[in-house]
Amino acid sequence: MASTVDTLDRELAGLDALDLRRTSKASWAVRAWSATWPKLAAVALALLFWQTLIWIEWKPLYAFPPPAQVFATLGDLVATSEFWLGVATTMRRALLGFAVALVLGTVVGLAVSQMPLLRRAIGSMIAALQTMPSIVWFPLAILLFQLSETAIFFVVVLGAAPSIANGLISGVDHIPPLWLRAGKVLGARRSSAWRHVVIPAAVPTYIAGMKQGWAFAWRSLMAGELLVIIAKTTSIGVRLHFARELSDADLVMAMMIVVLVIGLLVDLAFAKVELGVRRRRGLIEPTG
């Protein structure tokens with residue numbers, strides 16, 4: 001009997017070993033390089049493709065400048081205080097619009113997920129709003145608020161809020177019923193159930209909705225800054241607009257790189273949050 005138990009223990013230990021992921025003992029530098037080199041390789045390939053188009057003379061240089069020329073313009077640009085003032089203006093608009101959209105989307109998402117009548121009334125409308133291109137809203141925004149900060153803010157909020165609401169609704173809808181029943185057995189009821197079961201279970205999908213909402217907000221903001229030019233106010237979109245008006249291809253592409261870099265930095269921030277959630281839930285091994 002004892003030998004049978006020992007054999008079973010060894011077999012179970014072997015199965016457990018298959019499930020456990022080995023914790024990386026590599027140094028911080030090795031882990032950092034392992035995470036960085038694919039991104040650097042992708043950038044290098046993109047630059048090589050760009051330079052190849054220059055070598056084969058795909059377009060005239062005045063319309064499609066080479067990478068070295070664009071990055072030289074970008075270097076001169078970031079050395080000016082006006083550039084950083086424009087970036088600050090754009091980021092202030094983006095963060096404020098996203099914050100309001102986050103509150104609005106969360107409230108609407110919670111209400112729709114818990115009220116069947118409200119879901120039947122506006123559930124499909126939220127999805128329809130999410131699919132509408134942000135540029136469609138600007139004629140109405142300009143009619144309502146003229147060429148003002150409010151017009152831009154209006155479109156940014158409308159661009160982001162439906163995605164956040166849908167993310168939360170989807171997260172609540174996909175909670176396994178077993179979790180809810182287990183929460184009730186353990187004494188989680190009403191507000192306690194929301195705090196300890198519903199909201200934690202919906203967090204991954206909610207974060208995905210927030211990430212998508214930010215993408216829509218950022219796109220809406222860039223479209224707004226290109227269309228709504230406010231006197232005596234500089235921003236990334238304004239610089240991009242006037243570069244296009246002056247046919248300054250170097251500056252156009254330099255500002256496009258700035259927009260891309262900001263988008264990548266925000267995406268990295270969301271990725272860090274998602275990684276933390278996955279690690280706390282045991283979905284990935286802790287780093288060591």
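**Exercise 1. Classify Glu225 and Arg93 as buried or exposed, then describe their pairing.**

Step 1. Glu225 has 0% relative accessibility, so Glu225 counts as buried. Buried means under 20% relative accessible area, exposed over 50%, and partly exposed in between (1.4 Å probe, protein chains only). Arg93, at 7% relative accessibility, also counts as buried.

The model is predicted: local features need pLDDT of at least 70, side-chain atom pairs count only at pLDDT 80 or more, and totals for chains, interfaces and linings use all residues. Residues are numbered from 1 along each chain as its sequence is written, and side-chain values use heavy atoms, with hydrogens and water left out.

Step 2. Side chains of opposite charge can pair when their charged atoms come close. Glu225 and Arg93 meet through their side chains in a salt bridge, 2.9 Å from N to O. The criterion is a side-chain nitrogen of Lys or Arg within 4 Å of a carboxyl oxygen of Asp or Glu.

Step 3. Glu225 belongs to helix α9 and Arg93 to helix α4, so the pair ties together parts 132 residues apart in sequence. Helices (H or I, at least four residues) and strands (E, at least two) are DSSP runs, numbered from the N terminus.

**Exercise 2. How many salt bridges does the whole structure hold? Work through two further examples.**

Step 1. The search finds seven salt bridges.

Step 2. Take Arg119 and Asp173: their side chains meet at 2.9 Å, N to O. This pair links distant parts of the chain, with Arg119 in helix α5 (residues 116-131) and Asp173 in helix α7, 54 residues apart. Arg119 is partly exposed at 30% relative accessibility. Asp173 is partly exposed too, with a relative accessible area of 40%.

Step 3. Take Lys211 and Asp267: the salt bridge spans 3.3 Å, N to O. Lys211 sits in helix α9 and Asp267 in helix α11, 56 residues apart. Lys211 is partly exposed, at 27% relative accessible area. Asp267 is partly exposed at 32%.

Step 4. Salt bridges with shared partners join Arg92, Arg93, Glu149 and Glu225 into one network.

**Exercise 3. Which residues touch the most other members of the largest nonpolar core?**

Step 1. Define the core: buried Ala, Val, Leu, Ile, Met, Phe, Trp, Tyr and Cys residues joined through side-chain atoms within 4.5 Å.

Step 2. The largest such core has 54 residues; Trp50, Trp214, Trp218, Leu221, Ile236, Met255 and Ile262 touch the most other members. Helices that each supply at least two core residues include α2 (28-55), α4 (81-114), α9 (191-227) and α11 (249-280).

Step 3. Look at Trp50. Beyond four places in sequence, its contacts (heavy atoms within 4.5 Å) include Phe64, Val70, Phe71, Met253 and Ile257.
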